[in-house]
Every structure is written in structure tokens, then in C-alpha cells.
Amino acid sequence: MTISKRAVRVRNVLIGGDEPCICAPVVGADAGQVLEETRQISAKKPHLIEWRADFFQAIHDEQQVAATAREMRAIAGDIPILFTVRSELEGGRPISLTEEEKLRLFETVCQSGAIDLLDYELAHEPYVPAVRQLTRRYGVRLVLSYHNFDCTPSKEELVAKMRQAEQCEADIAKTAVMPTSRGDVLALLQATEEARQEVEIPLITMSMGALGAITRLVGGLFGSAVTFAVGQQSSAPGQIPIEDVKSALSIIMKYSE
């Protein structure tokens with residue numbers, strides 16, 4: 001795997017280094033579930049933990065979200081935490097937060113010092129500068145994401161989305177799409193390979209669902225810096241248990257050097 005020209009170091013983890021990182025999601029509905037999942041996932045030693053806060057029933061309570069994030073940090077130790085809120089249209093849970101309310105939540109959580117990275121959807125481009133500004137204020141890395149749960153756009157469109165994330169000053173660009181054929185899976189991998197030649201920030205790419213599961217194992221060979229794996233519960237279609245991902249990656253990376 002070619003190291004990005006600007007690999008991102010978060011705590012002791014290098015994102016965009018010579019091997020892909022493994023990120024496991026936490027999807028608990030309340031603080032007790034979130035913290036128990038964090039304990040169990042931390043014991044499996046992923047490189048990153050993602051808190052999918054759209055699953056959290058008290059998401060409208062900024063202080064409760066921040067307090068839970070601080071407790072997660074205490075449990076996770078030095079494992080970086082990625083904070084993500086997705087709407088239903090973005091493949092997440094039904095939430096009624098407006099983008100302005102999300103920004104206030106992001107500010108509170110970033111200010112808590114508990115999180116290391118924040119994921120935000122590129123589709124909300126008018127709000128991206130404000131999100132970029134607040135993440136920089138608190139030293140939080142910004143992941144700008146493009147999701148398509150209906151299809152896989154052309155290779156050229158996918159590369160353009162990753163380029164757009166870089167132009168919007170993301171620290172990391174993420175692209176996740178739904179395949180309807182093996183050709184779509186290949187298009188995602190080809191787009192990743194092309195984008196890493198011209199985009200100077202780390203990339204996270206995946207083809208979702210069972211058809212695209214292979215990209216969660218071999219994506220690193222084409223330039224994807226992070227793969228998402230199941231620690232306790234899946235947060236997206238096609239995720240593979242962390243134990244299987246670790247085993248597969250150890251073989252793939254060993255024989256691809």
C-alpha cells in the first residue's frame with residue numbers, strides 16, 4: 001500500500017500508513033449499552049472505535065452525549081474515537097436534528113476532549129466550512145464522507161467526490177457505495193487506486209453489502225486506509241467480524257509486500 005503524502009496520526013495510530021487500520025462501531029441505544037460495547041470492543045484492540053451516535057436515544061441531549069463520550073474515552077484508553085451522526089437518508093437512524101443542531105452537538109462533543117475524529121457528510125457542503133472551523137479549534141480530525149446506498153456511480157464520479165473532500169479541507173476522505181454487480185465493486189477499487197495517485201489525504205473507501213464485502217479485506221491494497229469491522233454489532237451492511245478481518249488482513253498484507 002502506498003503511504004499517503006499526508007498520512008494522519010491520531011494518538012498512536014497512523015491513518016494512511018503502510019497497512020489499513022481497523023475501526024469497530026459502537027451502536028448502543030443508551031449510555032449503559034454504549035459503554036459496555038466500548039469495553040468489549042476495546043478488549044479486541046481495533047485501531048479505532050467509531051461511536052455511531054445516531055443510534056443513541058438521548059442524542060438531543062448534548063451534555064449527556066458529551067458525558068457518555070468522556071466515559072468512552074476513559075474505557076478506550078489510547079484508542080482514537082471517531083464520532084459519527086448519520087441521518088436516515090445517509091444510511092443512519094431516524095433523527096430529527098437539523099444541521100444547525102448537529103453543529104451545536106459537534107461543538108459540545110469536540111469541546112469535551114473525548115473524541116479524536118468527526119465524520120460529516122459531504123452532501124451538506126454549505127455547512128462544511130463551519131464544521132471544519134470547529135474541528136480545527138479543538139484539534140479534532142475531520143472525515144468528509146460520501147455515501148450512496150442506492151448504487152455505485154461511475155469511477156470518475158467517485159474520484160471527483162474524493163477530490164471534493166480534499167478541496168473542502170478534509171483530513172480524510174470517505175466514500176461508501178452500494179454495488180449491484182461485481183463490475184460496481186471493481187469500479188470502487190479502481191476509483192480508489194486512481195484517487196490515491198492524485199488526492200493527497202488518506203482515503204477510506206468501501207463497497208457495501210455482501211457483494212462488496214471483499215473490499216473490506218483488500219481495499220488497503222488499492223489505497224483505502226481504514227476498514228470497518230464488527231466488534232459487537234454491525235453499523236452498515238457487509239461488515240465482517242473484527243477477528244476475521246484481522247486474520248484475513250494478516251495474510252493479505254504478508255503476501256502483498
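## The Arg52–Asp54 contact

The side chains of Arg52 and Asp54 are joined by a polar contact of 2.8 Å. This is a predicted model. Arg52 belongs to strand E4, which spans residues 48-52. The relative accessible area of Arg52 is 3%. Arg52 counts as buried because that value falls under 20%.

## The sheet

E4 is part of an open sheet of 9 strands. The order is E9-E8-E7-E6-E5-E4-E3-E10-E11, and the pairing is parallel. Two strands form the edges: E9 and E11, the latter at 240-241. Each of them pairs on one side only.

## Strand E8

E8 covers residues 172-177. Of its 6 residues, 6 are buried. Ile172, Lys174 and Ala176 point one way from the strand. Ala173, Thr175 and Val177 point the other way. Both sets are buried, Lys174 and Thr175 included.

In the sheet order, E8 sits between E9 and E7. With E7 (residues 141-148), E8 pairs in the parallel sense over 6 bridges. Val143 has Ile172 of E8 as its bridge partner. With E9 (residues 203-207), E8 is again parallel, here over 5 bridges. Ala173 has Leu203 of E9 as its bridge partner.

## Crossovers through H5 and H6

How does the chain get from E7 to E8? The chain passes through helix H5, residues 155-167, in a right-handed β-α-β crossover. A further β-α-β unit takes in E8, helix H6 (residues 182-198) and E9. This unit is right-handed too.

H5 lies across three strands: E7, E8 and E9. The helix runs at about 150 degrees to E8. H6 also packs on the sheet, where it touches E8 and E9. The directions of H6 and E9 make an angle of about 170 degrees.

E8 pairs with E7 and with E9. H5 lies across E8, and H6 touches E8. The strand itself is mostly covered.

How values were computed
Residues numbered from 1 in each chain as written. Predicted model: local features only at pLDDT ≥ 70, side-chain atom pairs only at ≥ 80, totals over all residues. Heavy atoms only, no water. Buried < 20%, exposed > 50% of the residue type's maximum accessible area, 1.4 Å probe, protein only. Helix = DSSP H or I, 4+ residues; strand = E, 2+ residues; numbered from the N terminus. Pairing = 2+ DSSP bridges. Right-handed = clockwise from strand over helix to strand, strands pointing away. Contact = heavy atoms within 4.5 Å. Axes fitted to C-alpha atoms, helices over the stretch in contact; angles between N-to-C directions. Polar contact = N/O pair within 3.5 Å; in protein donor to acceptor, adjacent residues only side chain to side chain.
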